[in-house]
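Student: I'd like a close look at one part of this model, the charged side chains. Could you walk me through them?

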Amino acid sequence: MINKIEKFTDSTYFTNALKATLSAVLPVLLFSYLGHFEIGFTIALGAFLTYPSDIPSSLKHKIKGILFTSFLIASINLLINLFYPFPWLFYPFFILLLFVLSMISVYGQRATIVSFSALLTVSLSFAHMNTGLEMVKYAALLLSGGLLYLFISLLFYYIRPNRYAELEVTECIKLTSKYLKLRGDLWKIGADKKAIIEKQLHLQVELNTIHHNIRSVLIGKQVNSVTSNQNRKMLIVFISLVEILELALSTAFDHDKLHQKFDDHPKVLSTYQNLAYNLAATLKELSKNINTRTRYVSKHNLFKDLGALELAITAYKNDLGTTAASEGVFMLTTMLEYAEKQIEKIKVIERAFTLATNTYEFNGKDKDLEKFLTPQYYPLSTFVQNLSLSSTIFRHSLRLTVAIIIGGIIGKLLPFQNIYWILMTIIIIMRPGYGLTKQRSIQRVLGTILGGIIAFSILSVTQNEILISILAITCMLLGLSFTQTNYTVSATFVTMYIVFLYGILTPNFVHVIQFRIIDTLTGALLAFLANHFLWPSWEYIKAPQYLEKAIAANRDYLNEIFAFYKNKGEVTTSYRLARKNAFIEIGNLMASFQRMSQEPKSKQIKITQVYKLTELNHSLLSSIASLGTYIQSHKTTPSSEAFTIVVKKSIKNLEEAIGCLKNEDYIQQNPITNEELANRFTELKNIRERELKEGNSIDSEAFVLKMQEAQLVIEQLIWLTNLSERILKNTKILMQW
């Protein structure tokens, strides 16, 4: 229990919540002591509105983002107060402001957060209207709150400059460990392959997010400041983790075939599975030790496990005989080589965190690192291009604007106490996707009811202001801490905080809270109905776009591997960028499928087909990664015409699938028949056999191994071609709406 509490209090979410709580509480306490509670509360509000913009990034982008948000919320509040006395000007301005602030989300994650803070400012501006010099003072106090939050955030940063990166890298190690564990699960006799692959796809979505966060922080530091020893260590670890993930993907065997071959030899399977599990367990232990800053001592002897697998392979070979066991031995040897490479990467991570100084170099891997960051670029053309119903953000902006207007009208017509609470609830709950909005609506309502019951129960027992104040601060801290991990719990604590706050400030707090609950229910209902009926953006409409990007990313990755095969040499930056993009787009495709599965059944059009294509693209990525890893780690023959034709056949299939998704007519130039393709595979095998025979003194056993190696690559190419054909076939079925 104590360990769980320590882990929670050391988490990024708790740290961010602590920064926001301190920024909000300190000015209230100080100015309340001086007899100016309103001033302290306004400063606290400015800090609270600014805090969401403090997202993972380099120090430079952190400062710019927080400063921009601080000035934006102050300016919005001032403009609303200026226009409000003139209805004929205010209402057109208000509608335009809502729409524009919603639309800036087209510029990415940071812009989405800034948009959220700005829209909250709009709703909260109606809570306290000012005139004359008072509105300037109020805006200035909001700005000072934002600057206070920036100061506290920087203070936390300089006290523990690398802690956020450490926690993110630790989480990345843990997720990568889970991924390796799932790969090990595939070796169980009777394993549910479909369920395991689905878990891997879900995990890929999480890995994409955390990879983005790590790149934003570590590579940002690498590019913009003097590189610290600790930062270099974490960069080495991150690069190793990405390579571990690629290696895990690259062991792309036909597990049905493997089980047919080895199920009668369970010792081989169990030995390899034990090694696979220990690879995952070692990473998991590392993540725990880094997180708790305790001395790392490995509980597993991976080299001993490797030796056990070698003995199991030898026993398998002796049982069946050299000839009968040859194909199985080569498969097992390939798995052994894979495990050796994974151990090598894991040892790099172990040494990086256990040695006092960093003695490892990047060997050129840090070259052009800034290219792995998403550029901070905000052209007006992006905004203009999204002014169309085909844009998800445009639909969401229209929907949100109309929902807020309707909420305001209902608040005016019906006897609601505070209209701004309805507007704020709509802004907090409503998301571009139906599933998340529905989920948040339910969670918000449950949290509000539960939090209200608990808080009222406490207030009925005690009215001690000091105790209630401590409880309010604690609830605020916990409410913000759980926002990203458990929204129901977060809403419960936030509701309790608000009830306690009114319990301190308002004698008739029960009456006020009743209205808050009614306002919350009204806002949640409006958000849910708007997402269902106002320009809904169902995932089946967007599925072709995500599929197109995923297929294009796989095609580009395959092109880079083909170029590397032809040119040899060092792995290029463009190769690594293509690999990164392929991982991201497969994750995005899976995220789209997840959103579709949360939508009404009537809107889950061809969801089975979408999932099948998601699974096929994941398998294709695995096959491409396998080919890339093989070419990098083996001395391959010069590129042959047969190899070129086979790879280009797969690329053409993918390009035809992309054309189909775009509703474009694509005709393959000089298409290759299945018979010709089979001849090309035979030609590849003959080329390799001839080259080996022409080589210097090669004994029969070495020749057999080399031929098996060639056969493995050919089988990989056959699988690659089959996958590309199945993607094309299923894409055509999908587009037959």
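Student: Which residue forms a salt bridge with glutamate 548, and how far apart are the closest N and O atoms?

Tutor: Keep in mind that this is a predicted model. The partner of glutamate 548 is lysine 662, and their closest N and O atoms sit 3.8 Å apart. Glutamate 548 belongs to helix H22 (residues 539-567), while lysine 662 is in the loop between helix H25 (641-661) and helix H26 (674-694), so this pair ties together parts that are 114 residues apart in sequence. Glutamate 548 is partly exposed at 22% relative accessible area, and lysine 662 is also partly exposed, at 40%.

Now for some other salt bridges; the structure holds 11. One of them links the side chains of arginine 555 and aspartate 556, at 3.2 Å from N to O. Aspartate 556 counts as partly exposed, with 31% relative accessibility. Elsewhere, lysine 62 pairs with aspartate 54, and there the closest N and O atoms are 2.8 Å apart. Lysine 62 has a relative accessible area of 10%, so it is buried, given that buried means under 20%. Aspartate 54 is buried too, at 9%. Through shared partners, salt bridges join Lys19, Asp54 and Lys62 into one network.

Then there's a positive surface patch, made up of Lys193, Lys194, Lys612, Arg726 and Lys729. Helix H9 (193-224) and helix H27 (700-734) each contribute at least two residues to the positive patch. Arginine 726 is found in helix H27, and it is partly exposed, with 44% relative accessible area.

Technical notes
Residues are numbered from 1 along each chain as its sequence is written. This is a predicted model: local features need pLDDT of at least 70, side-chain atom pairs count only at pLDDT 80 or more; totals for chains, interfaces and linings use all residues. Side-chain values use heavy atoms; hydrogens and water are left out. Patches are made of residues with over 30% relative accessible area and no salt bridge: like charges are joined within 9 Å, nonpolar side chains (Val, Leu, Ile, Met, Phe, Trp, Tyr) within 5 Å. Accessible areas come from the Shrake-Rupley method with a 1.4 Å probe; for residues, only the protein chains shown count as cover. A salt bridge is a side-chain nitrogen of Lys or Arg within 4 Å of a carboxyl oxygen of Asp or Glu. Lys and Arg count as positive and Asp and Glu as negative; His and the chain ends are not counted. The place of a charge is taken as NZ of Lys, CZ of Arg, CG of Asp or CD of Glu. Helices (H or I, at least four residues) and strands (E, at least two) are DSSP runs, numbered from the N terminus. Buried means under 20% relative accessible area, exposed over 50%, partly exposed in between (1.4 Å probe, protein chains only).
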